[in-house]
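User: I'm new to this structure and would like a close look at a single part of it. Could you take the place where the chains meet and walk me through it?

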Amino acid sequence: MKAGTALMKLCLWTFLILTILFIFLPSFYLLVISFEPSKLERIPRNFSEFSIKWYIRLFQRERLPGAIKQSIMVGLLTAVITSFLSLFSGLSYRKLRVKSYFLGLLIFPMFVPGIIAALSLSVFFKLINIRSSIYTVVFGHVLYALPYATIVTLVSFSGLKEGVIEAARDLGANGFRAFKDIIFPLTRGGIFGGALFGFLLSLNEFIRAYFLSGWQETLSIYMFGQMKGGADPSIYALAGFILSISILLVLIAVVYFSFIRHSSHSMS
Amino acid sequence: MKTKIGKSKGSSLSFLTLLPPVLFVIILGVLPLILIIIWSFFEPTEYWIKPHLTIAAYLKFITLGRYITFVKTLRVSITVTFLALIIGYPIAYFIRKVVREKFRNILLFIFIIPFFLSYIVRVFSLRLILGRYGVINNVLIWMGLISVPIEGLLFNEFAVHIGLLSSYLPFMIFPIVLSIERVGDSTIEASQDLGAPFFQTLIRVIIPLTKPGIFAGCIFVFVSSLGTTVEWDLLGGVSEFSTQQMLESLMMALKFPSAFAISTLILAITICALLLGFKYAKMGKLFETLE
């Protein structure tokens, strides 16, 4: 029996690692290939062969800086609006009686197929005479990111004890003061987490941006066009570039959140 | 007295903070869907639609054979959902119930990362694995199993399946982890103490108790597969055509009612799945931890 469970465990570990490789290995492989100087689709033969040639060539492209700027704009706006909306949800959720309906409505967009959300929003904007621009993309992206950000924010608010806020009120703090000194410090992890979700989901989103952006292309739209079109190896550099930005942001977030956790541990 | 005033102030304030997110989702997330459902029964004009009720768009769905693509897309999405469940369930169980806590958080974090990476890049990178000069062919040739690269790995339905699975597997894992969390260790131990072998405990106790997570995961994967074009565009090649690409080209050709009719059908399927999930699988229980 004991040997059987050990074997079972080994099998499950192997299965798990294979699955993780299935999810991550292709992207990692692409990242390595983007440093191969020749036009071949291969890993650089030795360390000295690693070259950023394609990355340099990439930034000589005319349309790329515009697309990057567009994407950062959209991402930042999405992050700000999303975190404000989910903060509002967090604040009202505690006192709500019809919690499940509220939550159900807020996470409903998660269950709408991306292309349908994109298509319906684009004709809706057309109906009310709003022309496609990066702002219509922002609306689409907030709708996309809001369920994730709401869940992250609500999780952080669920750790908030009502008594702490009441104590602050009893000591004479007004609503704003209670928020600034008590609620925000205790829930900032969730609020920033929501903002991060907003930025990264927006940066990497394609189908909504494609339907809503009009002529102003985002990084994802630009990249998708390149991938469908050509076999120029700088496409690997472009993909590697986007991958690196996302990984960097995730790493920053990890450091930040472990910092928050440590500081809240020392507080309590 | 003072607290009373404070409280009533608080609740009117909480009503005010409630409004922005609720209005946002209703106006931009729900209303447009209702509009396209209604508009799918309108008549097309040259550039837009006019309010003259007809089911022409749905008839065209049948007579022009669009349903063939629709059925194929549904089949692929269902297959991918099923595969994701088969792979995702043991992983979720393993992460939540077998692995030590320290590893558990690391593993959960690993499965969050894909949400933050570009799915276009992730799908595109699969070309480097499945392609003619890709990793699989290179490895097989190096091992001496084949001498000529296999062509059938990329630009077909098989590759689309792989792409969708790689994109949406994490969506299956998280809801199941959440629902397994709700099954107490004592419940599993009780079943085993009564003499049930693990497999029987799994079938009789654990799986029924984790139905909310299974349903939520399946709906996530299914809906995401139905809503994406990237996997079909980048891995399916020219021979594979999906409903999503059909929607794109119908919108491009300004054939609005036809596009809306297909969207309505997809929405109908999604909403049925959601109703089933909430009614019979009690999916709402998944979010109770937030309350």
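Analyst: Let's start with one spot: the side chains of Lys228(A) and Asp233(B) form a salt bridge, with 3.6 Å from N to O. Keep in mind that this is a predicted model. The pair counts as a salt bridge because the cut-off is 4 Å between a side-chain nitrogen of Lys or Arg and a carboxyl oxygen of Asp or Glu. Across the interface of chain B and chain A, the rule finds one such bridge. As for polar contacts, the count between the two chains is four residue pairs, both residues being at pLDDT 80 or more.

Now step back to the whole interface. Chain B brings 87 residues to the contact and chain A brings 85. Between them they bury about 7,800 Å², and 83% of that is on carbon and sulfur atoms.

And what about chain B itself? You'll find 13 helices and two strands in chain B. Its C-alpha trace spans about 75 × 65 × 35 Å along the principal axes. The radius of gyration of chain B is 24 Å, while a compact globule of 291 residues would have one near 19 Å. Of those 291 residues of chain B, 53% count as buried. Finally, look at the contacts in chain B with a separation of 6 or more: 70% of them come from residues 24 or more positions apart.

Methods. Residues are numbered from 1 along each chain as its sequence is written. Chains are lettered from A and ligands numbered from 1 in the order in which they are written. Side-chain values use heavy atoms; hydrogens and water are left out. Contact means heavy atoms within 4.5 Å. Buried area is the accessible area (1.4 Å probe) that two parts lose on being put together, summed over both. A polar contact is a pair of N or O atoms within 3.5 Å; within protein, one must be able to donate a hydrogen and the other to accept it, and residues adjacent in sequence count only if both atoms are side-chain atoms. Helices (H or I, at least four residues) and strands (E, at least two) are DSSP runs, numbered from the N terminus. The radius of gyration is taken over C-alpha atoms; the globule rule is 2.2 Å times the number of residues to the power 0.38. Buried means under 20% relative accessible area, exposed over 50%, partly exposed in between (1.4 Å probe, protein chains only).
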